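Please read these notes with the structure open beside you.

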Amino acid sequence: RVLAELAGYATESLAASPHDWPTEGAAIGADGTIRALAALGFGTRSATDDTKILAVSCANSTRALDRVEARRLTAILGKAAPRTLVTSLKGAIGEFGAAGALGAAAAVLALVHGDVPRLGALGASDPACTLTLAGPGTVAPRGGFSEALVAATPRGGGTVTLLFRRP
């Protein structure tokens, strides 16, 4: 049984030292990702479209990476931001090589089951973050999600964004 379709992906590089994440002031370098996802029809719908999107972020509960990731996701999501619920597993499971794979698995399971993993220890979000975060009391949208983005920014500044859809 096919659980989800990998509709596409995009990769880019951000300025960062080899063993660190991009700094808060660094360019977010989302143009190539936005173009690649737009070619798949993502982000081209109107803001009133009823498509519900889950974004599984690489944010890890550190202020620096979380802010970079929030800026990058805001740019990538564009008009789709109001219909998007953002979560991350790294704050709960930590930083290790399989964190991205687990994020992709969580995205696919959210498409299948219509539920969303909550942010592990979210008490209050950063006031500068305009994204809708999946906190402890968050309820998944009625009818579940139709698309899921997985965004990863590992140390060294490489980025990968995956787009999954229901089959």
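How many of the 6 residues of β5 are buried?

1. The model is a predicted one: local features need pLDDT of at least 70, side-chain atom pairs count only at pLDDT 80 or more, and totals for chains, interfaces and linings use all residues. Residues are numbered from 1 along each chain as its sequence is written, and side-chain values use heavy atoms, with hydrogens and water left out. In β5, 5 of the 6 residues are buried, so the rest of the structure largely encloses this strand. Buried means under 20% relative accessible area, exposed means over 50%, and partly exposed lies in between (1.4 Å probe, protein chains only). Helices (H or I, at least four residues) and strands (E, at least two) are DSSP runs, numbered from the N terminus.

2. **The sheet.** Six strands make an open sheet; its order is β1-β6-β5-β2-β3-β4 and its pairing is mixed. Two strands count as paired if DSSP finds at least two bridges between them. The edges are β1 (5-13) and β4 (132-133), each of which pairs on one side only. Strands of a sheet pair through backbone hydrogen bonds, either parallel or antiparallel.

3. **β2 and its partners.** Strand β2 (residues 53-57) runs parallel to β3 (residues 84-88), with 5 bridges. Ile 53 stands opposite Thr 84 in β3. Ser 57 stands opposite Ser 88, also in β3. β2 also runs parallel to β5, joined by 4 bridges. There, Leu 54 has Ala 148 of β5 as its bridge partner.

4. **Both faces of β2.** Is β2 mostly covered or uncovered? It is mostly covered, with 5 of its 5 residues buried. Ile 53, Ala 55 and Ser 57 are buried on one side. Leu 54 and Val 56 are buried on the other. In a regular strand the side chains alternate between the two faces of the sheet.

5. **The β5-β6 hairpin.** β5 and β6 pair in the antiparallel sense over 6 bridges. Glu 147 stands opposite Arg 165 in β6. The two strands form a hairpin with 5 residues between them. In the turn, Gly 156 has a positive phi of about 100°.

6. **The helices on the sheet.** α1 lies across β1, β5 (147-152) and β6 (158-165), and runs at about 160° to β1. α2 packs on the sheet too, touching β1, β2, β3, β5 and β6. The direction of α2 makes about 140° with that of β5. Axes are lines fitted to C-alpha atoms, for helices over the stretch in contact, and angles run from 0 to 180 degrees between N-to-C directions.

7. **Helix against helix.** The axes of α1 (residues 31-39) and α2 (residues 63-77) come within 9 Å and cross at roughly 35°. On the α1 side, Thr 33, Ile 34 and Leu 37 make the contact; on the α2 side, Arg 72, Ala 75 and Ile 76 do. Contact means heavy atoms within 4.5 Å. By class, these residues are 4 nonpolar, 1 polar and 1 charged. Ala, Val, Leu, Ile, Met, Phe, Trp, Tyr, Cys and Pro count as nonpolar; Asp, Glu, Lys and Arg as charged; the others, Gly among them, as polar.

8. **Leu 37.** This residue of helix α1 is buried, with a relative accessible area of 1%. Leaving aside neighbours within four places in sequence, Leu 37 is in contact with Phe 42, Ile 76, Leu 149, Thr 161 and Leu 163.

9. **Cys 58.** Cys 58 is in the loop between β2 and α2. At 3% relative accessibility, Cys 58 is buried. Beyond four places in sequence, the contacts of Cys 58 include Leu 65, Glu 69, Ser 88 and Ala 151. The structure holds 0 disulfides (pairs of cysteine sulfur atoms within 2.5 Å).

10. **Ser 17.** Ser 17 lies in the loop between β1 and α1. Ser 17 is partly exposed, at a relative accessible area of 41%. Ser 17 and Gly 157 are 140 residues apart in sequence, yet 7.5 Å apart in space, C-alpha to C-alpha.
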